[in-house]
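Here is a friendly walk through a two-chain model, written for someone who likes cut-offs stated plainly. Have a look at the structure first, and then read on.

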Amino acid sequence: MNNSPFIRKPATVRGVMLQVLAALLPGIAAYVWFFGAAILVQIALASAAALAAEAVMLRLRGRPVGMFVSDGSAVVTAWLIALTFPPIAPWWLVVAGTLLAIVVAKHLYGGLGQNPFNPAMAAFCAMIVAYPQLMTQWPAAGFTDFGAELQAIFGADRRLDAIVMATPLDSLRTVLRLPDTRATVAGILGSGATFGNIGGKGWEWVALGYFVGGAWLLWRRIITWHVPVAFLATLALVAGAFSLGGPDKFPGPTFHLFTGGAMLGAFFIATDPVSGATTPRGKLIFAAGIALLTWIIRSFGGYPDGVAFATLLMNICVPIIDMKTQPSVFGHKRQSGGDAP
Amino acid sequence: MSLSTLFRFKGGIKPEAHKDASAGIPIAPAPLPSRLVIPLRQNARATARPLVEAGQRVLKGQIIGAAEGTLATAVHAPTSGLVRAVEMAPVPHPSGLEALCVIIEPDGDERWIDLQPFDHRNASPQRIRDYLRDCGIVGLGGANFPSHIKLTPGEAGIRTLILNGGECEPWITCDDRLMRERAERILGGALIMREITGASHILVGIEDNKPEAVQAMSAAASRLGAEGVTVHAVPALYPAGGEKQLIRVLTGVEIPYGKLGTHFGVQCFNVGTAYAIHRAITCGEPLLSRILTLTGNMARPGNFEVLIGTPIRELLPLADPRPDTDHFLMGGPMMGFALPSLSAPVVKATNCIIAASPALFPPPPPEMPCIRCGACAQVCPAELQPFELYWHARAKNLGKAQEYHVFDCIECGCCAYVCPSRIRLVDYFRYAKGEIWAREREKSAADAARERFEFRNLRTEREKQEKAERLAAKTAAGREAVARAAAAAPATASAPTAATVATASAPQPRAADATKALIQAALDRAKAQKAAVTPRNTDNLTAEQKAEIAEIEARRAKIREMARPHTPPDE
Ligand code: SF4
Ligand code: SF4
């Protein structure tokens, strides 16, 4: 015999995941517009690899394959991997990253709901450590020659010179750190085709797309405001403070917000419920931590972007954050309302 | 309506209300059933003592079960007729529980006892509370808590009375109809309670999806012209009709787990309870019937005034369940339960019977793992983190579950309602609570057993000691005899024996004293401990109380005797 409640909202894990995927679409559209259709190939590759790996792992673990494969969580991981890897990376790179994410980061930790690390970010970090060069070859904005991109993805002989350009974060970092550099942030940003009006050229529009999708997720109540607000506000604050103090050395908040993985991180990565903090205050701390670490890695670290490493570092802190930020319970806090009239 | 500000409680959900099915149907009296089954059991801790026997004639309103114990109220014959039996019968309970019931065959005459209004203005508060207890007045919102206890002011006194017309569960419309049709008597009851408690304000809280009820209650309030009565339309948000939630919304006060409203100067009564109190005081009528909603998969849903004890099976044809109905719920779909037996009767807590079909209430889909999405925490009105609780309950980590406040869970079901992984969270919390209680009971049983064991050890020890003492005394006597013999016949072979005896027995008395003191101290400690753990209410009893207890015990034995032949063989 069943117990109450006898009714439930028609919410499902798949429903949640499908909405997350839908929310990624505006960003993907901008991506295709500025960087060509290669990203769609990568998304397809990653999705196929993720579903296959998921099915095999579920079978090995003796779980109901159909029920879990269709939950959509593997596809979300796959899309995030495709969106954080360079679109012209060789096909096996994104496939290997996806397999790593699903097999190791997800299933070896116990599968859906159990993984302490964000699988997509774990894959990114592993791959950038193993293949630093391949992971930093990004196409220039406006390069949309699909044939050449396909050649880069699948070809044995990858001729990339015409395609590849340092990303905005990368070139800024490289130039600013040259010994005896006279370069200033303003000077670099004003030069050349890499930089757009506020962030990286092209990338600023992709970031805007993620922002729009993220706002929709907020409105749908799939995510709460805590993570994106804390993430973006912290990044803007530190970037703003340092660029006020040293405008020549440190780019300002808009550049940081609209470049690299910041927007994707704020709305889609740091909001991953499984590997993130869950209490309201915990979410604020967690997201602010990622943003701060991201800025530090971007400004002083050895890798071009810091969102992935920052996320993994904060994932480690989640249990303690959650434990220390348990909200007080109804009736157990200081009485907020007035006494009875 | 008043413009004073309302407060908010956190969380809550907006399930589909389904109230239109029965909200427009006026209350109709249900016909007299062929038999009435009136449970004497009132809650886990209170069963009334039967005052009638099979073959006895009873009048409508006659007390057939006496209130016994703090949480009990009197039980009445809902109509006149013949007592057929006092026996075990199924009562509405999720586990299919059987309890002692009085079975009455109505004679159709509806012959009343002599009804006398109660002059509460000239009665002491204790006398009023006893009267309400003897009228069988309990909360009609579903919790069934005896009203006379709630009307006992704590040290804070009761300043604010709240009338709960929230009725936030889907489908249920009995309070809505009662407020629309009998608003003045509800408020009359509230005014009486105000006089009894000395409260200054009466706040009526009604969900704003019942505008007609709000309207009717406001109109009645102005007709009565009573000061300090305000009717508030509160936002429709399940569980706004939960007692703690409504108190929070209307006064801002949060009553924590384990505390009563009276600790904060507030007390909350269901509108149906206020109505029953009005009838009890002004007409002298005990609580014999209640309004309930028959709805769900029924062809003619509606609201009925039903005698307590009416078998649910006899009631159903009034609303005509559709053929694909496969089970029935008592209460709402959020907190009610599936009825294991339709021969169970309507009780004072029965506010609604819902016909359920697979289409209306599909079986729960398979559970997925928790994805920590936090949806459950966002809707929890107790402001818990249900997924953390779930985690600990599932791991049988009961200490942690308690640390995460499992007992603050009001089992409202909001969390399970929204969970995208369809985890039956409330089941885990019920399980955890049950386990913790069971363990605590076991622990106190074990404590008692350990105490008995230690006591027995002490006793054996003492007996051993006494034996040793006796032995020593004997030896001493023997020694004296020997000494005397030795004195009489010196330089015999017995001298060495006497010496041996003397050396052996000399230190013994001192050692024995020490041991004895130790044992005495231990015994005293054990006695003190025992006194400390013995429930206070059996200490320092007057002779009368002792007599009463003996009488109760005797009656209990009698009830057990009566109940025995009808108990299922496996019990
Ligand atoms: S709603 Fe369900 S899946 Fe989401 S956190 Fe709560 S228990 Fe887990
Ligand atoms: S059932 Fe308990 S845990 Fe779930 S929402 Fe209600 S109070 Fe919170």
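The accessible surface of chain A comes to about 14200 Å², and 67% of it belongs to carbon and sulfur atoms; such areas come from the Shrake-Rupley method with a 1.4 Å probe, and for residues only the protein chains shown count as cover. Please keep in mind that this is a predicted model, in which local features need pLDDT of at least 70 and side-chain atom pairs count only at pLDDT 80 or more, while totals for chains, interfaces and linings use all residues. Residues are numbered from 1 along each chain as its sequence is written, chains are lettered from A and ligands numbered from 1 in the order in which they are written, and side-chain values use heavy atoms, with hydrogens and water left out.

The table sets the two chains side by side. Helices (H or I, at least four residues) and strands (E, at least two) are DSSP runs, numbered from the N terminus; buried means under 20% relative accessible area, exposed over 50%, and partly exposed in between (1.4 Å probe, protein chains only).

| Chain | Secondary structure | Buried residues |
|---|---|---|
| Chain A | 15 helices, two strands | 55% of 341 residues |
| Chain B | 17 helices, 19 strands | 50% of 571 residues |

Now to the aromatic rings. Over all chains, the structure holds 19 aromatic pairs, where rings of Phe, Tyr and Trp (its six-membered ring) pair if their centres lie within 6.5 Å, and planes under 30 degrees apart count as stacked, over 60 as edge-to-face and the rest as tilted.

Take A:Phe85 and A:Phe124: their ring centres are 6.1 Å apart and their planes are at 70°, so the pair is edge-to-face. A:Phe85 lies in the loop between helix H4 (73-84) and helix H5 (91-106) of chain A, and A:Phe124 lies in helix H6 (residues 119-130) of chain A, so the pair ties together parts that are 39 residues apart in sequence. A:Phe85 counts as buried at 1% relative accessibility, and A:Phe124 counts as buried at 10%.

How are the rings of A:Trp92 and A:Tyr131 arranged? Their centres are 5.1 Å apart and their planes are at 75°, so this pair is edge-to-face. A:Trp92 counts as partly exposed at 32% relative accessibility, and A:Tyr131 counts as partly exposed at 35%.

Elsewhere in chain A, ring pairs link A:Tyr31, A:Phe35, A:Trp138 and A:Trp203 into a cluster.
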